[in-house]
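Open the structure in a viewer and keep the selection tool at hand. The stops below each say what to select and what is there.

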Amino acid sequence: MSISKPDRTSPPSVESRLIVRAPSGVMIEVFDAAFLPVESGVGLGELDLALPDGLYTIRFTAAGQSQEQIVRLLPIAKPLVINGGDFALQSASPSTTPDVSPHERGQAAAVAGLSALSGRGEHAQEIVIFVRAPDLRTRADVSRSLRLVDLDGAPMRSRDEEALSAAALAQGYAARRYSVPAGIFGLRFDTFTRRRVQQTVYAWPRRRTFAFVEYGSIPVNERHGERFRRVRRRGIDPARTVLISTRSDQSAPTQEALRVADILLHAVRNVGDFLDPVIVDQAQQSGCPFLALYAAAAIASRMELSMASAEVRWPNASRLRKDWEAKTAEDLLANLPRGSWPDGLCLEWRLSTLSESKSSSKGALVAPPLLDCAWRWASARSVSFADAMAPSSAFYGAARAREPAGPWLVWRTAQALTSKGPDPIGPDGLDKAIEAVTDRLGLSGIKADKNELQPEYQLITDSISAKLSPAARLTANAVQTLAMSGSATGPIDPAALAGFMGLPAAELSSQLSATFAELSGDEAPLSEES
Amino acid sequence: MISWALVVGINHYHPAAGLNPLRGAVDDAVDFAEWLLDDQGGGVAPENLRLWTYPQHDAPPPAVANALNSPPLWAGDAPDFSRAPRGGEIRRTLDVLARDAAQAGVDRLYVLFAGHGLQTRPLDYRLPDQVCFLAGDYRPDFITESLVPGDYTRRMMRRYGPVEVLMFFDCCRTELAPYQADPPIGGALVLPTETNRCCGIGLAAAPGGTAFEVPLEAPNRGAFTRLLTFGLRNVRHNEVLTAGQLEAYLRQALPRLTSPRRQYPSIELDPRDYDLKIVQGPAVGPYPNLVIDLSARAPGSEIVVVYPDRSQTTLAQQPAPYIIPAPLGPYAFETPAGEVLLTEAHTGPDETHVHLQA
């Protein structure tokens, strides 16, 4: 076979029209043949571009997933229309997009089939839990550890268990239905890290809550004598759960509603990623309180970053952005059903803090919220309002035994049930505790005009870091991060530290005391007189 | 432009680490080092290149061998090439290098890590999931010391690094079991020097993803670094390669190299809108071949090949494939009447085979 170098001709360039369409929440990017970006946008519905004929690559991105295709724009008058962005997102909710497996499509049909089960329960509300296994080979009862409990921890009884079990196991999923009064419940299960955990779930008045739970796996190292072997542990991945609701007289949530939920949950978890205003509008119009909460939380999280002058992608930037954010978040919260929903209260607290409004809602949480960010806002609130959280074991568990499962707040139940919370502490006590740790870390006295390395500021070197317990290291890292952020000229705000670490005031004080003791190399905790 | 560099490649970890041996990390590091030492490439002087691989490369290219003859110190200590570098050594060296480079007026600092990696899942939702390179002292029961964290290093560079920093992590981002501690922040604490204008991080995989070695049936190179060095040498527009172009190229090319496995790379700049020109100069070449098989087409028929620059060539059907050295980019294959039969990306580094049906 021989190398060819055929002659090439270069026809004159002709301007042609490229129209790219994608659903809401999908970013469209167009690149030319030299890998250079041509145009991008989100929330526009379509990009309508006048371009020289030639070859282009179009990328569709949603919730961290991408798909690309090459298009040939011909030198003709008729526009080239490309539709894209219809691909499965990494989610626990089953999808019916063209790229999913027959197994997943079968599970989506099973979800729809749940609504065909006849009869209503004792209450007008229902919680349906759908546990999805990754493939047909996982035939074990994936829901073995799953429990729905009320606020007192009493387990609820599921309906139609036998009928659901037989059909479900054949398809590699498990389902439970619970008829419940409107209110706040807890979902307990074993994770793939073999931790027994709990998260909050709501039963909205006259609505059916769907909880899609993913049975996943994670690689961990298991010790075999002196060596380690990497194995995969299976169990529920708490970060992949999707919560959504429909009216009680409606069937299963639509694929579009599930897609909106996936995109919004991704936006809550990944605050630096783009947020499509059209998706927020869809959440508002859907009537689903979960979607409204997610949209409000996504907005509030981005408002925080704006306040901190962080860089956030906002393709439709306008000077009205901040006004839109504040008003939209308030409108979303106003549409929640009446009641003491913890996430709603946490969001009101945060929005009033961001707007520096003095008219913040009073009240206290009756249970830990759904979302991790809401928990942090509640923790910050607890510094000035000691009664923001009830001193119950669930709150203690959420404070001291959180599992990384963003965007959800998930905590280990064993510690919650067996542990007692620390004594309350006032704001003055927190200031002193933070000052003591800051001083021990050598951070005190950093002034804005100093720009040289001072020996006494050398801290958290590897040797110190290696000696601290994981909790103390996290505390020291948090104190260091806040001390060095921004202008770094004043003392650390206790509310900021509480929110950053997700520790209510009493827990934060306890943790600071323990960290001080470790940094001091003795067992004596920090006292009020220190 | 004055540039410094730090490059690490680890194939073999301690047996107690429980990690599979890699086959391509050392070659990846040496290939990148060769590009760095090239005046048409990174333009790094040999005395400013810190390269540490384990094991040592059998036969490094002459320029790399020359640089290894008198290696510079790593945070004041001579590197011990009989073992892999430890996490603390790498972190301390990065810290010292960042400050020294800023004070010496260095324009750019390059960093590459090739080897095993993981990703932490931080409790704080505002912190990004952080990729960590695993240094040679990794042990599953005492992980923290061996971690070289991507995001913390980026922050350090932004605080007191040289004008531009470009880091690449060719390692997996499989998630660490959530109850493990965060990596140490490391680095001395100083107030910002405002020397650094941009820090870019190139990541081989998406969060939770795997960075593959290729070819899949007999791997010998990391897919990301293989394409990275090829792209640095050959992707240009008007003799310029920007970070955005490089990312677009990697995102188009990598899935084709690792297919059917999925791997999604990225290059993130901080700040996002910084116009980072990585290379200014002609492509090194030669272009990889485009192999076009028209044997299944009707005898006497013709195909029009549309090149990335819009130029066209007409090929007649023949039994033997056409082998054409072709510039990188997307191609279209049309009938003379203008009907598009196929589009295909020619992204290298190997040949691209196109088979047109009847």
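Begin with an aromatic cluster: select Tyr202(A), Trp204(A), Phe290(A), Tyr294(A), Trp341(A) and Trp408(A), which ring pairs link together. The model on screen is a predicted one.

Across all chains, a search of the whole structure finds 20 aromatic pairs. For one of them, select Phe210(A) and Phe212(A): the ring centres are 6.1 Å apart and the planes meet at 15 degrees, under the 30 degrees that count as the limit, so this pair is stacked. Phe210(A) has a relative accessible area of 2% and is buried. Phe212(A) is buried too, at 0%.

Now move to chain B and select Trp52(B) and Trp74(B). How are the rings of Trp52(B) and Trp74(B) arranged, stacked or edge-to-face? Their planes stand at 85 degrees with the centres 5.1 Å apart, so the pair is edge-to-face. Trp52(B) belongs to strand S2 (residues 44-54) of chain B, while Trp74(B) sits in the loop between helix H2 (62-69) and helix H3 (87-103) of that chain. The pair links distant parts of the chain, its members being 22 residues apart. Trp52(B) is buried, with a relative accessible area of 1%, and Trp74(B) is buried at 4%.

Select Arg8(A) with Tyr307(B): Arg8(A) lies over the face of the ring, 4.0 Å from the ring centre. Then select Arg381(A) and Phe385(A), where the charged end of Arg381(A) is 3.7 Å from the centre of the Phe385(A) ring and sits over that ring.

Next, select residues 108-114 of chain B, which form strand S3. How many of the residues of strand S3 of chain B are buried? The count is 7 of its 7 residues. On one side of S3(B) are Arg108(B), Tyr110(B), Leu112(B) and Ala114(B), and on the other are Leu109(B), Val111(B) and Phe113(B); both faces are covered.

Strand S1 (residues 3-10) of chain B runs parallel to S3(B), with 7 bridges between the two; Val8(B) has Phe113(B) as its bridge partner in S3(B). Strand S7 (residues 164-170) of chain B is also parallel to S3(B) and is joined to it by 7 bridges. Here the bridge partner of Arg108(B) is Glu164(B).

Staying in chain B, select residues 223-234, helix H5. At 1.5 Å a residue, its 12 residues should span 16 Å, and the end C-alpha atoms are 16 Å apart, which agrees. Of those 12 residues, 11 are buried, so H5(B) is largely enclosed by the rest of the structure. Among the buried residues are Phe224(B), Leu228(B), Phe230(B) and Arg233(B).

For the last stop, return to chain A and select Arg412(A), in strand S16 (residues 410-412). Arg412(A) is partly exposed, with a relative accessible area of 21%. Leaving aside residues up to four places away in sequence, Arg412(A) touches Arg195(A), Arg196(A), Val197(A), Ala401(A), Arg402(A) and Glu403(A). With Glu403(A) there is a polar contact between the side chains, at 2.7 Å.

Notes: Residues numbered from 1 in each chain as written. Chains lettered and ligands numbered in written order. Predicted model: local features only at pLDDT ≥ 70, side-chain atom pairs only at ≥ 80, totals over all residues. Heavy atoms only, no water. Phe/Tyr/Trp six-rings, centres within 6.5 Å; stacked < 30°, edge-to-face > 60°. Buried < 20%, exposed > 50% of the residue type's maximum accessible area, 1.4 Å probe, protein only. Helix = DSSP H or I, 4+ residues; strand = E, 2+ residues; numbered from the N terminus. Lys NZ or Arg CZ within 6 Å of the ring centre and 35° of its normal. Pairing = 2+ DSSP bridges. Contact = heavy atoms within 4.5 Å. Polar contact = N/O pair within 3.5 Å; in protein donor to acceptor, adjacent residues only side chain to side chain. Expected span 1.5 Å × (residues − 1).
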